[in-house]
Amino acid sequence: MSSVLYDVPGPRAVLRNRILGIVTILVVLALIGLTIWRLVATGQFTAQKWSIFSYTRIWTLLLEGLWHTLSAFIVAAIGALALGFILAVGRISDHAWLRVPVGWIVEILRAIPVLIFMMLMYFGLPVVGVRVTPYVAVVVALIAYNGSVLAEALRAGVESLPRGQKEAGYAIGLRKNGVVRLILLPQAVRAMMPVIISQLVVALKDTALGFIITFPELLYVIKLLGNQVPFGSPLVPAAIVGGSIYIALCLLLSYVAYLVEKRTRRSPKLRQPPRPLAGAGGDAATMTERIAVQRGTGKHDATSL
Amino acid sequence: MGGVSQLWLQAIEGTLILFFAGGAIALVLGVIVGAMRVSPVPIARAVGTVYVNWIRNTPLTLVMFFFAFCIPILLAQRFNALLPATIALGIYTATYVAETFRSGVNTVPVGQAEAARALGLTFGQVMSQVVMPQAFRSVVPPMMSVLIALLKNTTVAAGFSVLNLGSVTAYLSEHREATAGGNIFIAMFTGENQLMTLILIAAIFVVLVLLLAWLQRVLERKWRVER
């Protein structure tokens with residue numbers, strides 16, 4: 001084990017590392033122990049609290065909640081991808097009358113918190129006589145937000161391409177439509193695949209916001225189960241079961257992002273980023289960095305000089 | 001009208017407390033976890049990785065759910081709703097801070113750390129004298145994106161009875177009878193018209209986020225590392 005930051009440890013460093021390791025283990029064990037102690041002390045492991053999960057009806061409810069979560073996610077993911085493409089094409093347009101307004105739309109959609117957008121749809125629209133179901137509110141809000149983020153990612157992907165790609169396209173007689181559709185976007189999608197998938201993880205996580213506007217998704221079912229008095233209000237067991245389902249789902253999707261990233265990095269068709277990037281991350285920060293690196297690759301490339 | 005403007009002020013105060021207190025927790029915890037992830041101690045690295053991967057793959061709503069409903073049961077104690085929400089925001093955002101911090105350390109060219117080690121500096125000196133000062137500069141802009149996300153995430157606390165900009169409509173609708181009626185501007189502030197109130201809140205967030213994004217660009221230009 002070696003890193004740029006430190007040497008392969010010598011005897012003294014090994015000892016010090018072991019002590020630090022033991023301290024870490026002790027702290028973690030203390031935290032786990034505290035949790036288990038409190039779980040036991042407050043009677044979370046009693047048969048009564050867990051017996052709720054022995055009923056088929058309860059599992060049907062959980063599965064229904066999971067299905068609502070997944071169906072909202074799938075529709076939102078497809079919609080966000082479609083909107084992302086449309087906005088990205090508008091954003092890289094040569095016409096200022098199209099580019100500038102689309103740019104503003106993207107900025108504004110990205111700046112509105114998803115929950116506020118959902119509330120706007122669900123509580124706000126009835127004022128002007130439009131009534132939507134919580135499902136529609138959740139899906140539309142997710143499409144608007146993630147679509148605008150994906151548009152930015154795709155645009156950054158296009159900008160990171162060497163200028164020669166576009167010029168070569170025109171040189172072989174393609175029109176603007178062909179250059180964008182056949183040359184720029186496919187490469188941008190490929191370069192941005194990890195960002196796109198991580199943004200989909202964000203969309204999956206954000207479906208849980210639907211619980212606040214009474215969309216009967218997984219978290220809503222968890223709360224419902226947690227309030228069943230005949231079973232001693234098993235809020236903690238329900239949160240443990242539901243939380244595990246959520247983490248499993250998102251970890252699975254994140255793992256796909258990681259695999260794609262690993263494959264992209266190996267692919268000879270894509271230029272290697274100058275430095276390996278941290279994590280398979282699904283957040284704005286790593287995305288910013290990734291885009292910065294992508295831009296950097298385009299800038300210092302011989303073809304664009 | 002007095003009670004209503006009071007409500008708006010309290011809502012803004014709630015959002016600001018969530019933003020600053022949550023941000024402070026996130027920064028402190030995030031830097032600790034980020035340092036664990038680049039440290040030479042394998043167990044610390046493993047613990048950091050598990051923390052970041054698990055919490056980051058949990059919806060914030062669920063983290064807040066746990067802190068708002070489960071922790072009071074486990075500790076057999078009642079809390080002011082603001083406290084669990086702030087801690088949840090901090091713990092959730094800390095994972096993003098940690099990743100940003102770590103990628104910042106990764107942007108420092110290998111040669112810098114190698115040169116420092118060739119001079120005989122220890123790990124502590126390499127980090128504090130050579131790597132961190134450079135990492136800090138490249139980390140500021142993405143850290144601002146994390147803070148922007150945190151600001152937007154404060155609205156999630158609205159689902160857990162914390163008064164903030166996200167929940168102001170719900171509270172305003174209770175004040176509905178105070179409205180004089182007719183005037184759309186009065187209606188807007190008293191919750192007569194939920195659509196207008198929500199649009200106003202969305203607009204406040206757009207302004208705040210664009211402000212932070214502008215600050216991000218300024219800092220980016222000011223602290224850009226020429227490589």
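Q: Helices are DSSP runs of H or I with at least four residues, strands are E runs of at least two, and both are numbered from the N terminus. How many helices and strands make up the secondary structure of chain A?
A: The model is predicted. In chain A there are 11 helices and 0 strands. Written in sequence order, the pattern of chain A is α-α-α-α-α-α-α-α-α-α-α.

Q: What percentage of the residues of chain A count as buried?
A: The cut-off is under 20% relative accessible area. Chain A has 305 residues, and 49% of them count as buried. Its accessible surface is about 15,200 Å², with 69% belonging to carbon and sulfur atoms.

Q: What percentage of the contacts in chain A join residues at least 24 apart?
A: The count takes contacts between residues at least 6 apart in sequence, and 71% of these in chain A join residues at least 24 apart.

Q: Where is Q199(A), and is Q199(A) buried or exposed?
A: Q199(A) sits in helix α8 of chain A, which covers residues 176-206. Its relative accessibility is 8%, so Q199(A) counts as buried. With neighbours within four places in sequence left aside, the residues in contact with Q199(A) are Y145(A), N146(A), V149(A) and L150(A).

Q: Which residues is M121(A) in contact with, leaving aside its neighbours within four places in sequence?
A: They are P126(A), V132(A), A137(A) and V140(A). M121(A) itself belongs to helix α5 of chain A, residues 114-124. M121(A) counts as buried because its relative accessibility is 12%.

Q: How many salt bridges does a search of the whole structure find?
A: The rule asks for a side-chain nitrogen of Lys or Arg within 4 Å of a carboxyl oxygen of Asp or Glu. Over all chains, the search finds 9 salt bridges. One of them joins the side chains of R91(A) and E107(A), with an N to O distance of 3.9 Å. This pair links distant parts of the chain, since R91(A) is in helix α3 (residues 56-91) and E107(A) in helix α4 (residues 96-111), 16 residues apart.

Q: Which side chain meets R110(A) in a salt bridge?
A: The partner is E107(A), at 3.4 Å from N to O. R110(A) and E107(A) are 3 residues apart in helix α4 of chain A, which means that about one helical turn separates them.

Q: What are the relative accessible areas of R91(A) and E107(A)?
A: R91(A) has 16% and is therefore buried. E107(A) has 23% and is partly exposed. R110(A), at 25% relative accessibility, also counts as partly exposed.

Q: What separates E152(A) and R155(A) in helix α6 of chain A?
A: About one helical turn, because E152(A) and R155(A) are 3 residues apart in that helix, residues 134-159. They form a salt bridge whose closest N and O atoms are 3.1 Å apart. E152(A) has a relative accessible area of 10%, so it is buried. R155(A) is buried too, at 14%. Through shared partners, salt bridges join R91(A), E107(A), R110(A), E152(A), R155(A) and E159(A) into one network.

Q: What is the area buried between chain B and chain A?
A: The accessible area lost when parts come together is often used to give the size of an interface. For chain B and chain A the buried area is about 5,300 Å², and carbon and sulfur atoms give 73% of it. The residues in chain B that lose the most area to chain A are N57(B), F65(B) and L74(B), together 12% of what that side buries. The contact takes 64 residues from chain B and 62 from chain A.

Q: Which elements give two or more residues to the side of chain B that touches chain A?
A: They are α1 (2-38), α2 (42-56), α3 (60-75), α4 (82-107), α5 (110-118), α6 (123-153) and α9 (194-222) of chain B. The most comes from α9(B), with 10 residues. By residue class, the side of chain B that touches chain A has 42 nonpolar, 15 polar and 7 charged residues.

Note on methods
Residues are numbered from 1 along each chain as its sequence is written. Chains are lettered from A and ligands numbered from 1 in the order in which they are written. This is a predicted model: local features need pLDDT of at least 70, side-chain atom pairs count only at pLDDT 80 or more; totals for chains, interfaces and linings use all residues. Side-chain values use heavy atoms; hydrogens and water are left out. Buried means under 20% relative accessible area, exposed over 50%, partly exposed in between (1.4 Å probe, protein chains only). Contact means heavy atoms within 4.5 Å. Accessible areas come from the Shrake-Rupley method with a 1.4 Å probe; for residues, only the protein chains shown count as cover. Buried area is the accessible area (1.4 Å probe) that two parts lose on being put together, summed over both. Ala, Val, Leu, Ile, Met, Phe, Trp, Tyr, Cys and Pro count as nonpolar, Asp, Glu, Lys and Arg as charged, and the others, Gly among them, as polar.
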